[in-house]
Amino acid sequence: MYRIIREYKDEDLNDVLSSWESASRIAHPFLTKEFLEQERYNIPNVYLPNAETWVVEQEGQVIGFIALLGNEVGAIFVKPEFHGTGAGKALMDKAQELCGDLEVEVFEANSIGQRFYSSYGFEPVTEKIHEQTGNKLLRLKFTANK
């Protein structure tokens, strides 16, 4: 299996959106269709232009991505059929290599994301209510070189 982590290019957009949509369906079943439609618009028009984004490519196909805003993980999504293969860990390793300590927000109801972050070594810091959805958000922190 040949896998690389590389910087996002504009031609990766459809694969990035596909990764986000398929992973969001299973990780965020509690989010409304309207909210997800707005996020689908925001990814190429708001988030990607303002983030440092990396993709994981396997056998020539983009299967996931991570978007960084400084040391904050703004998004990390891997196509569900590649969950458990190390693709998400490889993306997080790249972020940790670039930034050291990392922070992320995850919906409390996103058990898939919570398990992933916990297994990577993230620890809870604070919680708040996400204004647009009314769902509880957890802020987590990863401390490098503990």
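Reader: What pattern does the protein chain follow when read along the sequence?

Author: In this predicted model, the protein chain runs β-α-α-β-β-β-α-β-α-β-β. Its secondary structure comes to four helices and seven strands.

Reader: Why does the radius of gyration of the protein chain agree with a compact globule?

Author: Happy to walk through that one. For 146 residues, a compact globule would have a radius of gyration near 15 Å, and the protein chain has 14 Å, so the value agrees with the rule. Along its principal axes, the C-alpha trace spans about 40 × 40 × 30 Å.

Reader: Why is Lys94 called buried?

Author: Buried means under 20% relative accessible area. Lys94 has 18%, so Lys94 counts as buried.

Reader: Where does Lys94 lie, and which residues does Lys94 touch?

Author: Lys94 lies in helix H3, which covers residues 87–99. Leaving aside residues up to four places away in sequence, Lys94 touches Ile5 and Trp54. A touch here has heavy atoms within 4.5 Å.

Reader: How many of the contacts in the protein chain with a separation of 6 or more come from residues 24 or more positions apart?

Author: Such residues account for 60% of those contacts.

Reader: How far apart are the mean positions of the positive and negative charges?

Author: The protein chain has 15 positive and 23 negative charges, and their mean positions are 3 Å apart.

How values were computed:
Residues numbered from 1 in each chain as written. Predicted model: local features only at pLDDT ≥ 70, side-chain atom pairs only at ≥ 80, totals over all residues. Heavy atoms only, no water. Helix = DSSP H or I, 4+ residues; strand = E, 2+ residues; numbered from the N terminus. Rg over C-alpha atoms; globule rule 2.2 N^0.38 Å. Lys, Arg positive; Asp, Glu negative; His and termini not counted. Charge placed at Lys NZ, Arg CZ, Asp CG, Glu CD. Buried < 20%, exposed > 50% of the residue type's maximum accessible area, 1.4 Å probe, protein only.
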